[in-house]
Amino acid sequence: IFDIMAQTTSSVALFYTLVACLKVATVTAVKTVTLGQDIDYPPYAFQTADGELAGFGKDFADGMSAMCEDIDIKVVKESWANCWSSEGGGRLGAKLANASDTSLDGCMTYTHGQGVRDTFADFTDAMLDDNKAAGLLTLLGSDGKPKVTGLSDLYGKTLIDVGGWAPTSDGLGFVTNKCTSEKYSPDYEVVVANGDIANDVAMQMLRDGEGDAIFIYADQVEEYSACPAGSTWNCSLWEGFGTEIAYVQTGQFGHALNGTTLSLSRKGSGIRELLRPCMQSFMLTKEYYDICVKHDLAGVCFPNKFFGDDAKVGGKYNLPTNKQTGDCSDGYCPCPVTSDDSPPVAGAPLDTDPIAPLETDPTSGSTTVLVGTSLLMSSSIMWLSASLM
């Protein structure tokens, strides 16, 4: 009997030892994920007046860490340039591209864009719906008219790309002109604005005449001109909205495959798959709803049972240009009746269409102006008249 009791006691002790080991194993299975953000992208990623990291992305990550026992997300300050770069047409930033650099697993609050971004990076599911419309921002003249009109197909124009930011320059190929419902001409020049605050660099380039328009988020001026405490950009550059600068295109969503994501990471890194289960669970909670309300983003969050009728109505920047009204004085120009920024074809009669159709040779890349039938008819009549005389 004593032998049986001893064996039983030993078995019980072994059982509890195994349970304790399993508990330790569970604790040590927690995966720490380091995600970076810069501080010039409100309300998604910014800093407080006290210099603390803040934003929708950080609150979302902190909420996941508090809820999910197997995930601990560490949010650090990181230059956007180390996450995504415009070099070579677009590529991962130096830190994310380097597989041996374990200091950074991904970067937060990136839009899952079409084209080059989708080719070189993995994105988590979106935290927010497809909420980041693109637009074209240009200068206003002293008469209040834009330098580039909403009817322009950008042929021969110089376009400023905000280095490292969406919408990327190739994104222009995925959107349509909201005044003409047509794609843009491929015959425009792109200059890239690079710097610590790339949006500031782009705005300075526009004001200095180094480009005709900036392809930029349609809400960028509204966010930057608000100049909240802790702002790291040059607020004075963003003044004059509706008097000095204005959008001539808004509501262009085609550049994105998905909305604002928790993480952009290296292809095949596994970060997307690691974060997905906890993300899906967190987005069903009241905590998710609370941070949506806190950052005034309830209207572009994915609603769960805690959402009511308090969703934010989208701003004017989300409206397509053909839905804008009035003039450019509020910073959002409506579609003009006629375009005055395309010069007439040399030699064309004044009463013909000044914008001749273009035909591009795909082998040579050269562009040929197709002369309209009205011009040919006019020339034929003039030749016939001359012959009769």
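Reader: Which residue stands opposite Tyr41 in β3?

Author: In this predicted model, Tyr41 stands opposite Ala45 in β3. As a general idea, strands of a sheet pair through backbone hydrogen bonds, either parallel or antiparallel. Here, two bridges join β2 to strand β3 (residues 45-47), and these strands run antiparallel.

Reader: What is the order of the strands in the open sheet of three strands?

Author: The order is β2-β3-β4, and the pairing is antiparallel. β2 (40-41) and β4 (53-54) stand at the edges with a single partner strand each, so one side of each has no neighbour in the sheet.

Reader: Let me stay with Ala45 in strand β3. Is Ala45 buried or exposed?

Author: Ala45 counts as buried because its relative accessibility is 0%. Leaving out residues up to four places away in sequence, Ala45 touches Gln37, Asp38, Ile39, Asp40, Ala54, Gly55, Trp80 and Thr109.

Reader: Now the peptide bonds. Where does a cis peptide bond with omega of about 0 degrees occur?

Author: That cis bond joins Pro42 and Pro43, and Pro43 has its place in the loop between β2 and β3. Another cis peptide bond joins Ala166 and Pro167, with omega about -5 degrees. Pro167 is in the loop between β12 and β13.

Reader: On to helix packing. At what angle do the axes of helix α2 and helix α8 cross?

Author: The axes of α2 (residues 56-67) and α8 (residues 286-294) come within 10 Å and cross at roughly 165 degrees. Angles over 145 degrees count as roughly antiparallel, and α2 and α8 are therefore roughly antiparallel to each other. The crossing in which α2 passes α8 is right-handed. From α2, Phe56, Asp59 and Phe60 meet Tyr288, Ile291, Cys292 and Lys294 in α8.

Reader: And how do the axes of α2 and α7 cross?

Author: The axes of α2 and helix α7 (residues 271-282) come within 10 Å too, crossing at roughly 95 degrees. That makes α2 roughly perpendicular to α7. The residues that meet are Phe60, Gly63, Met64 and Met67 in α2 with Leu275, Cys278, Met279, Ser281 and Phe282 in α7.

Reader: Which residues have the most contacts inside the largest nonpolar core?

Author: A general idea to start with: in soluble globular proteins, nonpolar side chains tend to be buried together. The largest nonpolar core here has 72 residues, and those with the most contacts inside it are Phe56, Phe60, Met64, Ile73, Leu137, Leu262 and Tyr288. Apart from that core lies another, of 15 residues, including Leu136, Val148, Leu154 and Ala246.

Reader: What is the strand order in the open sheet of five strands?

Author: The order is β13-β12-β14-β11-β15, with mixed pairing. The edge strands, β13 (189-193) and β15 (245-252), each pair on one side only. On average, neighbouring strands of this sheet are turned by 30 degrees against each other, direction ignored. Four bridges join β11 (residues 134-139) to β14 (residues 213-217), and these run antiparallel; Gly135 stands opposite Ile216 in β14. β11 also runs antiparallel to β15, joined by five bridges, with Ala134 opposite Gln252 in β15.

Reader: Is β15 mostly covered or exposed?

Author: β15 is mostly covered, with eight of its eight residues buried. Compare helix α5 (residues 198-207), also mostly covered, with seven of its ten residues buried. What covers the buried residues of α5 includes β11, β12 (158-162), β13, β14, α6 (220-226) and β15. After α5 comes Gly209, whose phi is positive, near 80 degrees.

Definitions and conventions
Residues are numbered from 1 along each chain as its sequence is written. This is a predicted model: local features need pLDDT of at least 70, side-chain atom pairs count only at pLDDT 80 or more; totals for chains, interfaces and linings use all residues. Side-chain values use heavy atoms; hydrogens and water are left out. Two strands pair if DSSP finds at least two bridges between them. Axes are lines fitted to C-alpha atoms, for helices over the stretch in contact, and angles run from 0 to 180 degrees between N-to-C directions. A nonpolar core is a set of buried Ala, Val, Leu, Ile, Met, Phe, Trp, Tyr and Cys residues joined through side-chain atoms within 4.5 Å. Buried means under 20% relative accessible area, exposed over 50%, partly exposed in between (1.4 Å probe, protein chains only). Angles under 35 degrees count as roughly parallel, over 145 as roughly antiparallel, 65 to 115 as roughly perpendicular and the rest as oblique. A crossing is left-handed if the near helix is turned anticlockwise from the far one by less than a right angle, and right-handed if clockwise. Contact means heavy atoms within 4.5 Å.
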